[in-house]
Amino acid sequence: MYQSPRGTQDILPEDAAVWRYVEQRAAEQARRFGYGEIRTPTFEDVGLFLRGVGSGTDIVDKEIYRFQDKGGSELALRPEATASVMRAYLERGLASRPQPVKLYSLINLFRYDRPQAGRYREFRQFNVEAIGEEDPLSDAEVIAILWRFLEELGLRGLDVLLNSIGDKVCRPGFIQALVEYYRPRVDEICADCRRRLETNPLRLLDCKNARCQPIADGAPKTIDHLCADCAAHFDRLRGYLQAIKLPYTITPRLVRGLDYYTRTVFEVVPPIVGGQSTIGGGGRYDGLAEEIGGKPTPGVGFAAGLDRIIMNLREQGCPLPASEVPDAFFACLGDDAKHCAVMLADRLRREGMAAVVGMGDRSLKARFRQAEASGAPWTIILGENELREQAAQVKNGLTGEQARVPFPDLVLHVTGALPSEAPTT
RNA sequence: GUGGGCGUAGCGUAGCGGUUAACGCGCCAGGUUGUGGCCCUGGAGAUCGUGGGUUCAAAUCCCAUCGCUCACCCCA
C-alpha cells in the first residue's frame with residue numbers, strides 16, 4: 001500500500017468544512033480592508049527564492065523542494081508567498097496601479113522540514129501583502145487584518161509581539177554594536193550563536209538556548225538604535241494600533257528568519273508557549289523588490305499558518321462548522337421507486353436543495369438507517385403505494401411527523417420547512 | 001540535520017514468546033408482511049507499519065526501514 005508522502009495530509013470532508021470556514025473568514029477580513037485576491041504559481045524559478053528569501057536562511061539552504069523540469073529549468077515548489085507576490089507585482093506592472101496594491105492569498109507551501117505537530121511539509125497560509133507604500137498605516141493595516149481575523153474566529157489569549165529592526169541606514173550601526181557586544185563574550189555563548197555571530201548576527205537575539213539568555217537580554221536593542229526615519233515610522237505605527245485598541249507587546253529581541261525584513265516585524269503567538277507556537281508573522285520588506293531585480297518598492301505583509309490556527313481553534317474549543325448535510329433523503333423500495341426518486345431529487349436540486357437518493361437494494365429499515373446517517377432532516381419514502389397515488393410519504397426526522405405529499409407539492413413542502421434564506425436577485 | 005517515545009481491523013484500545021489475535025465505537029444484515037435513532041443476535045473487516053534476524057515457536061525479543069509524535073533546530 002502506498003502512503004501519503006511524509007508531512008502531507010488528507011483533508012477529509014468533515015475537516016474540509018472547517019478549512020473552508022477558516023478560509024472564508026480570512027477572505028472576508030481581507031475584503032473589509034480592501035484587499036484583492038492573487039493566485040501565483042505553485043512553483044517558481046528557484047532563483048526567486050534564493051535571492052528573495054536569502055541564502056543563509058534555513059528555508060532556502062535546507063528546506064527547499066527543488067527540481068529540474070524536462071526543459072532544464074531550475075524550479076522550486078514555493079516555500080513562502082511574499083517573493084512570488086512581489087515578483088508578480090513587478091512583472092505584471094502593478095506598480096502603475098494606485099498604490100499601495102493590496103493583495104491576499106490562501107495558498108499551500110512546501111518546506112522539506114521534519115514534521116511534527118503544527119509543522120508539515122505541505123502546509124497552508126493566509127497571506128496578505130500591501131506593496132508600494134511606506135506609510136506606517138499600511139503596517140498597522142496588515143497587523144489589524146491578522147488580529148481581527150483571529151479575534152473573530154474566537155481565539156483567546158493571543159499576543160502580538162512587535163519590534164522594529166531598522167533599515168539600511170541604521171541597521172549596519174546596530175549590527176556593529178551588537179557584534180562588539182558579543183565578541184568579548186564569545187566563550188559564553190552556544191555553538192549556534194558563535195556561528196550566527198559570523199553569518200547572521202541579528203539572529204543572536206532570538207537564540208533560545210538557556211545559557212545565551214542572560215547575554216541576549218543584556219544585548220543592545222534594535223529600537224534603541226533606530227535612525228530618525230525608522231523611529232518616526234515605528235511611533236506612527238504604534239499610534240495607529242492604539243487608535244483601534246489593538247493590543248501588542250514591544251519585544252526588543254524579536255527578529256525574523258527571512259532576510260528581506262526591514263523596520264517593522266511582528267508575530268502572533270498563542271497563550272501556550274513551546275513547540276510550533278507562532279501562528280502568524282510578518283513585517284516590512286522594503287529591500288525585497290531590489291533584491292529580486294526590480295525597482296525599489298516598499299512593502300509590508302504577513303503569513304498566518306492555517307494548520308496552526310485550526311489546531312488552536314480545536315484546542316480552545318472555538319465554534320466550528322459541522323459537516324454539510326443534505327436537505328432530503330429518498331428512501332425507496334424497488335427499482336421503479338428509485339427511478340421516480342431520481343426524477344424527484346432532480347427537481348429539488350434544481351431548486352437549490354441537496355437531495356440524496358439511497359442506493360443499493362435494501363430493506364426499508366436499512367433505508368432509514370441510511371437516512372439517519374446522512375443527517376438529512378427530511379426522509380422521503382417511495383414505494384409501490386406512493387407510485388400508484390403519485391404522492392410521497394414525507395417524514396421529518398426530528399419530530400417523527402409524517403405527511404402524504406403529492407409529487408407536484410414536494411418542492412414546496414420541503415422548501416417551506418427549510419430555514420429561510422435571504423432572497424437573491 | 002540531532003536526540004527520546006510510539007506504530008495491533010475505518011477509529012480508540014487489550015494482548016507483550018506458545019495452538020482459530022480480543023474488546024468498544026463504526027460498518028453490513030436479521031429480530032414476521034413497508035418506518036430509522038434504544039435493545040438483542042449474527043456477519044464482514046487485521047498478512048499485528050514494512051523488511052530481515054533470534055527461537056522448536058514472535059504481534060510479543062533484536063536490527064533496519066517507513067510513518068506518527070515530543071524536544072532541539074527552524075518557522076507559519
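**Figure 1. Accessible surface and overall dimensions of chain A in the predicted model.** The accessible surface of chain A amounts to about 21,600 Å², and 50% of this area belongs to carbon and sulfur atoms. Accessible areas were computed by the Shrake-Rupley method with a 1.4 Å probe, and for residues only the protein chains shown count as cover. Along the principal axes, the C-alpha trace of chain A spans about 95 × 50 × 45 Å. The radius of gyration of chain A is 28 Å, whereas a compact globule of 425 residues would have a value near 22 Å; the radius is taken over C-alpha atoms, and the globule rule is 2.2 Å times the number of residues to the power 0.38. Chain A contains 15 helices and 16 strands, defined as DSSP runs numbered from the N terminus (helices: H or I, at least four residues; strands: E, at least two). This is a predicted model, in which local features need pLDDT of at least 70 and side-chain atom pairs count only at pLDDT 80 or more, while totals for chains, interfaces and linings use all residues. Residues are numbered from 1 along each chain as its sequence is written, chains are lettered from A and ligands numbered from 1 in the order in which they are written, and side-chain values use heavy atoms, with hydrogens and water left out.

Figure 2. Of the 425 residues in chain A, 48% are buried (buried: under 20% relative accessible area; exposed: over 50%; partly exposed: in between; 1.4 Å probe, protein chains only). Beyond its neighbours within four places in sequence, Met-86 is in contact (heavy atoms within 4.5 Å) with Ile-131, Tyr-285, Leu-288, Ala-289, Ile-292 and Thr-297. In soluble globular proteins, nonpolar side chains tend to be buried together.

**Figure 3. Strand 9, with Arg-263 and Val-268.** Val-268 is buried, at a relative accessible area of 1%. With neighbours up to four places away in sequence set aside, Val-268 contacts Leu-146, Leu-150, Leu-158, Asp-159, Val-160, Thr-278, Ile-279 and Gly-280. Leu-162 is 106 residues from Val-268 in sequence, yet their C-alpha atoms are 8.9 Å apart. Arg-263 also counts as buried, at 7% relative accessibility, and has a positive phi of about 50° although it is not a glycine.

**Figure 4. Backbone geometry at Lys-245 and Pro-100.** Most residues other than glycine have a negative phi, and most peptide bonds are trans. Lys-245, in the loop between helix 9 (228–243) and strand 8, has a positive phi near 55°. Its relative accessible area of 71% makes Lys-245 exposed. The peptide bond from Gln-99 to Pro-100 is cis, with omega near -5°; Pro-100 lies in the loop between helix 4 (82–91) and strand 5 (101–110).

**Figure 5. The surroundings of Arg-253.** Arg-253 occupies the loop between strand 8 (249–250) and strand 9 (262–269). Leaving aside residues within four places in sequence, its contacts are Asn-163, Leu-205, Asp-206, Cys-207, Gln-213, Ala-216 and Asp-217. The C-alpha atoms of Arg-253 and Leu-204 are 9.0 Å apart, with a sequence separation of 49 residues.

**Figure 6. The surroundings of Ile-59 and Tyr-112.** Ile-59 belongs to helix 3 (residues 58–61) and is buried, at 8% relative accessibility. Tyr-112, in the loop between strand 5 and strand 6 (122–131), is partly exposed, with a relative accessible area of 45%. Apart from residues up to four places away in sequence, Tyr-112 touches Lys-62, Glu-63, Tyr-65 and Arg-121. Tyr-112 and Cys-230 are 118 residues apart in sequence and 35 Å apart in space, C-alpha to C-alpha.
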